[in-house]
Amino acid sequence: MLWETMLMLFDPVILLSIVAGVSAGLFVGAIPGLTATMALAVLLPFTFTLPPLHGLVALGAVYMGAIYGGSFAAILVNTPGTPSSIATAFEGYPMAKQGRALEAISLATVASAVGGIAGALFLLFLSPPLAELSLRFGPPEYFWVAVLGLTLIASLSEGSTAKGLLGGALGMVIGTIGVAPIGGETRFTFGITVLQGGVPMIVALIGLFVLPELYGIAAKAKSALSAVEVDPKAKGSFWQAVKTVFSMPGNLIRSCIIGEIVAIIPGAGGNIANLVAYNEAKRASKHPEKFGTGLPEGLVATESSNNVTVAGSMVPLLTLGIPGAPPDAVILGVMMLHGLRPGIELFTVSGHLTYGFILSMALAAIAMVPVGLLGGRLIYKVIFKTPYYFLVPTIALATILGTYGVRNSHTDVVLMLVLGTLGHVLKQLGVAPAPIVLGLILGNIAEMGYVQTILGGQAYQYPFLKLFESSLSRILIAMTVLSAAWPYLLALKQRIQARKASPKEDRHE
């Protein structure tokens with residue numbers, strides 16, 4: 001069946017759909033404010049008249065391209081084009097400021113292609129057991145997953161853990177604005193009706209990451225990349241990137257596995273996967289202190305993990321009918337429109353269609369290489385050759401339009417400007433935007449998990465004990481404690497090594 005399906009995919013129309021979908025997705029992902037979900041929603045009406053396989057292939061290619069496209073803005077203008085590229089900016093932008101932008105783009109392209117292919121293979125061979133694992137996650141497990149994610153703040157803090165915790169707490173407070181997810185109480189809206197929907201993730205990302213950078217360019221009257229010389233070895237950067245990516249198999253395999261584990265948890269998505277993978281790459285590195293200065297290890301970890309989640313999040317969708325991420329809900333709608341019901345029948349009665357869709361995502365990952373390199377060089381030249389007095393208003397206009405397009409709301413634009421100004425002030429005080437965004441992402445997950453657990457534990461004398469009931473919860477608790485203690489254990493190890501080295505130095509003197 002797989003062989004027959006593969007032959008079907010070499011239809012010129014399908015191949016053209018894959019290339020066009022990846023190109024469109026890359027364009028959408030590279031513009032801050034436009035997400036993969038929005039791209040799929042816009043494309044949805046065009047798939048109604050297409051055969052089921054053609055429609056699903058086009059949607060999968062756009063999805064894959066959009067997640068990858070977010071890396072371009074992250075690398076070139078320090079702005080995550082999509083939430084899945086938050087951690088890409090940590091290493092990609094410093095590389096661009098060092099004149100290594102094409103190297104960063106090439107690394108992101110190769111890592112994304114590897115991640116996309118790995119995600120398709122995970123989906124192809126591991127769907128049933130992974131779907132069974134995702135069913136074990138209830139409210140207590142979601143709570144501990146969120147708490148585990150919040151321990152990453154220590155690693156994402158630039159210099160001061162206390163300032164990182166302050167940023168994380170601020171992000172969690174921002175996440176409480178609007179109607180409570182359970183109970184329906186309205187919180188911190190100050191009588192503004194539009195705030196009942198809360199602060200959208202895209203609005204916060206644009207405000208906290210883009211505006212501080214624009215303020216900095218305007219204040220210095222020059223772009224951070226304007227003084228950077230073009231790398232004379234840029235032509236050979238792709239093959240060097242291939243060698244670099246495959247020279248760190250441990251990092252690559254670990255990041256892909258992390259991406260798949262996060263992907264099968266409904267609602268987690270690439271934004272959490274790339275942060276967790278970045279943190280684990282930093283923790284496993286022999287020189288963690290160099291992270292944040294333009295290290296390929298971090299870039300490979302983030303881009304491979306977030307592209308695994310594209311196909312990986314389809315595991316609960318195809319087997320259980322549960323969308324693993326918001327874009328998956330659009331794909332589920334297309335499947336239902338064509339009479340396809342998630343479950344075992346998808347892999348038997350409609351096997352050719354299902355396997356065709358899965359394999360097309362692997363082809364889309366391969367297509368990202370030529371499309372991404374050509375598109376990356378074009379965007380690279382535009383960013384580098386545009387004077388700052390054109391660059392700032394152009395990016396500002398794009399961010400305002402992108403913010404407005406999230407909910408067609410002027411209030412979102414005001415929110416973005418307020419958060420951006422606040423982010424700029426906090427950045428000057430040493431509070432990085434990454435912990436704030438992490439708190440915003442995970443705060444709601446932790447709140448929902450905790451409240452649902454307490455409500456479900458009313459039979460207990462102490463309802464909070466339900467948080468410790470399952471073996472999976474206890475495993476997550478152990479991982480949380482280890483993750484929180486790791487920076488201190490690492491510091492203790494370094495102090496012990498320094499003490500052992502100092503007597504030898506004294507004797508040598």
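## Packing of two helices

The crossing of α4 and α14 is right-handed, that is, the near helix is turned clockwise from the far one by less than a right angle. The model is predicted, and local features need pLDDT of at least 70, side-chain atom pairs count only at pLDDT 80 or more, and totals for chains, interfaces and linings use all residues. Residues are numbered from 1 along each chain as its sequence is written, and side-chain values use heavy atoms, without hydrogens and water.

Helix α4 spans residues 52–77 and helix α14 residues 296–312; their axes lie 9 Å apart at an angle of about 160°. The two helices are therefore roughly antiparallel (angles over 145 degrees). In the contact (heavy atoms within 4.5 Å), Tyr63, Met64, Ile67, Tyr68 and Ser71 of α4 meet Glu303, Asn306, Asn307, Thr309 and Val310 of α14. These residues comprise 5 nonpolar, 4 polar and 1 charged.

## Aromatic pairs

The structure contains 8 aromatic pairs (ring centres within 6.5 Å). In one of them, the rings of Phe143 and Trp144 have centres 5.0 Å apart and planes at 70°, so this pair is edge-to-face (planes over 60 degrees apart). Phe143 is buried at 14% relative accessibility, and Trp144 is buried at 12% (buried means under 20% relative accessible area, with a 1.4 Å probe and protein chains only).

Phe143 belongs to helix α7 (residues 139–150) and Tyr450 to helix α21 (residues 433–456), so the pair ties together parts 307 residues apart in sequence. Phe143, Trp144, Tyr450 and Phe468 form one aromatic cluster.

Methods. Axes are lines fitted to C-alpha atoms, for helices over the stretch in contact, and angles run from 0 to 180 degrees between N-to-C directions. Helices (H or I, at least four residues) and strands (E, at least two) are DSSP runs, numbered from the N terminus. Angles under 35 degrees count as roughly parallel, over 145 as roughly antiparallel, 65 to 115 as roughly perpendicular and the rest as oblique. Ala, Val, Leu, Ile, Met, Phe, Trp, Tyr, Cys and Pro count as nonpolar, Asp, Glu, Lys and Arg as charged, and the others, Gly among them, as polar. Rings of Phe, Tyr and Trp (its six-membered ring) pair if their centres lie within 6.5 Å; planes under 30 degrees apart count as stacked, over 60 as edge-to-face and the rest as tilted. Buried means under 20% relative accessible area, exposed over 50%, partly exposed in between (1.4 Å probe, protein chains only).
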